[in-house]
Amino acid sequence: MDTTDLTTAQAGSKTIATTTKTVLREAGIGIALIALIIVFSFTPHFLSSSNVTNILTQVTINLVLSIGMTFVILIGGIDLSVGSVLSFCAVVAGTVMTLPGLDPAVAVFLATISAIVAGIGFGLLNGLISAWWAIPSFIVTLGTLNIARGAALQVTNASTIYSFPAAFNAFGSQTFYGIPLLFLIALVLVAIGWFVLTKTVFGRVLYGIGNNEEAARLAGHNVFFYKVAAFTICGVLVGIGAIIYMARLNIASPIIGIGFELNAIAAVIIGGTSLSGGRGSIVGTLLGACIIGVLANGLILLGLSDFMRQMITGFVIILAVILDKYRERLTKA
Amino acid sequence: MAGAAAPAPAGAAPVIELSGVKKRFGGVVALNGVSFSLRPGEVHALVGENGAGKSTLIKILCGIIQRDAGSITLGGETYDPHTPGDAKKAGIQVVHQEFNLLPYLSVAENICFEDMPRKAFGMVDYPTLYAKARKALDAIGLGDVDVRRPVESLGVAHRQLVEIARALMGESRILILDEPTATLTARETERLFQIIAALKAKGVAVVFVSHHLNEVFSICDRVTVLRNGESVMTADIAGTTTDQLVTNMVGRQLAAAMATARDLDTGGRTALSLRNLRHPASPHAEGVSFDLHYGEILGIAGLVGSGRTELLRSIFAADLPLSGTIERDGQPRRYRNPKQAIRDGIGFVTEDRKEEGLILGMAIAANVTLASLRKVSRLGLLDKREETRLTRALGDEIRLKYGDTADAVSTLSGGNQQKVVLAKWLANNPKILLLDEPTRGVDVGAKAEIYALLRGLSEKGLALLIVSSELPELITLSDRILVMSKHRIAGEVARADFSEERILNFAYKDERNHGHH
């Protein structure tokens, strides 16, 4: 009986040790975020409650897309289509939501379902094509980027959809103690993503495939399934992202979401996930998305032009990857 | 023949002299004090088991990596190359075991790649290029190969010779040949030996790395044995015996383990039965047929490229077989993927643990449970406590040396990494274990432990199918040995008749037949 207890206690302490290691990895990114916040807090309005609400609102959509992107990048893939697919999901959902004669609640419900279904459709397409023919997902999603954009323009005849139910618009601007409801939804998605990646067999195998696909296959795992699943999960999040976008801005248009994929990739990379797959975390992605949001907001408050802001964000992405190289060396030593 | 050239004078000043050379990679000691010297015009064999440090030593000599300690003097001066270019300038040429050719460029471009003849504005002077390459190929007896052909269109043996031609382009004082005969047929090997004899006559010192001791005895003047990163013996070939070399290569500890006779008991039921199993890599062969019994260790010998790895891969459905049948416990099976083979009680320790066996960046525990995640989870949720417990239990069973089950598996030594691969399959309680080069890159101590472990498994009734390039290993472990050649079974040797000669005879049978036409 004593031995059993001892083993259990040891196992417990090991788990803690592992957790600490992971936390330490993410601590660096967290420190960077806090440092940014401290620096910007010297500008007059940065910490005002309305500005905080503003930042969180700005972060929300990128955060949702980045969660899906993390899954795809972890298996060594990339999804360039998320911006266009978001636009396609939005126009599909917008069309459903504005169908004449629907009860507002039903309309919103059906629209949400249809956005997610559209996202799943494109996710499946990306995953199936790249996994079946072993085509780099960079190329496949470059294709679907154009397909989704073209489809969105075709469906709407290049026009914008608006006048959604009033309750839907109100939902989009709801806040709790200054925290936007939409951001809270994004946090719930972060929590789910974190749980799936760290606590489930599915997440473990995903990491395994990202690290060494052949070893995972020879250990009896269905690599094809996991690849398709990662892209499909990304699609689900794009669908949700589309609804969030519509709730916030009250429009659905075939020209929204341009460049969103790059922001999502940037958040994932700044968050410490390796582009070659197998290494990274959702918590890192959350911090990465926050860094991008804080940086954008703070630089505007500092009076920098939009162009300067873009340049600085670019430098930060490169800096993050360089720092990650050093961190990798430190953890290896 | 080649050995007839005059041996190097014993008193001549060495071209290069190494003493106490050491190198470690992280926690793994690759070289732990290597000393040896080369005389001008001698052929010096470098032998040792896999993982003994031969490759590391060669990489240091040709400037790919730098030594941590020890001295190297070249022609009386300290030699400290930092890039492969430094080594070439110093007159050291290497033909590596892995090919370093550019497959889509022509033979001529490959041969002259380091020093392309140029015209004005940096344009390539093709007539000179082709002429130089032609000369180089003729010099090594490849008169029939067009220098304009892309390298990818050549067979393996020709590529090897092109590598050698390329190495000979520079001024060479020292030529290092790393396993040059591994892919050559008997006839091509003969040709290579003539080239070596000619170089020797010109005063070039040749380092000859080979697993084939008969080659060492036929063309070398001296031999140095490496074991566990140390040079344990240097002697003139003339006064040396094969036994001496083997004992020095494997060490006394292992030599003792090898001497322990195995209780023969192959009366077990048939676990696996193959009939005409053909791998896509050789659609024209008749396929492979044999029976594997419970409690049996069946060895598979054969040259590189004889289809041994492909055989294991097609049993495990890592590659789908073209045709043929597999019976498991007498029931016909057609596995469509490794998952089905695993469910049916088969495990596969792959040849290349870094590429196929392990997920290096992940924890030891995650690697151990990779093939048995259902055991350490419920409803898709991982039970990390159970995972740690299972890893510890298996770790004790196979005497794994590790710090923490959460450490990355990349922090372990080669031998312990290999044990993790074994643990991964043992976690599944397999009935059949396929092992491809189970002790590659493993130090001698761990090797003896792995041998004991494998014996123990077979005594428990597991059926083991072991592919190995090291004949002493197969002879030690196996109850029977099947010899493969050209993707089929060329012969079977019973334990009572085990000898390296007998096995090699089967392995080379086809090569010899081809040598005559």
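Six strands of chain B build an open sheet with mixed pairing, ordered S6-S7-S8-S3-S9-S10. Strands here are DSSP runs of type E with at least two residues, helices are runs of H or I with at least four, and both are numbered from the N terminus. Two strands pair if DSSP finds at least two bridges between them. This is a predicted model: local features need pLDDT of at least 70, side-chain atom pairs count only at pLDDT 80 or more, and totals for chains, interfaces and linings use all residues. Residues are numbered from 1 along each chain as its sequence is written, while chains are lettered from A and ligands numbered from 1 in the order in which they are written.

- S3 (43-47) and S8 (205-209) of chain B run parallel, joined by four bridges.
- Ala45(B) sits opposite Phe208(B) in S8(B).

**Helices on the sheet**
- Helix H1 (54-61) of chain B packs on the sheet and touches S3, S6, S7, S8 and S9 of chain B. Contact means that C-beta atoms, placed from the backbone, lie within 7 Å.
- Helix H5 (156-169) of chain B lies across S6 and S7 of chain B.

**Where chain B meets chain A**
- The contact takes 29 residues from chain B and 25 from chain A.
- Helices H10, H11 and H13 and strand S18 of chain B each give two or more residues to chain B's side.
- H13(B) gives the most to that side, with four residues.

Note on methods:
Two residues are in contact if their C-beta atoms, placed from the backbone, lie within 7 Å. Axes are lines fitted to C-alpha atoms, for helices over the stretch in contact, and angles run from 0 to 180 degrees between N-to-C directions.
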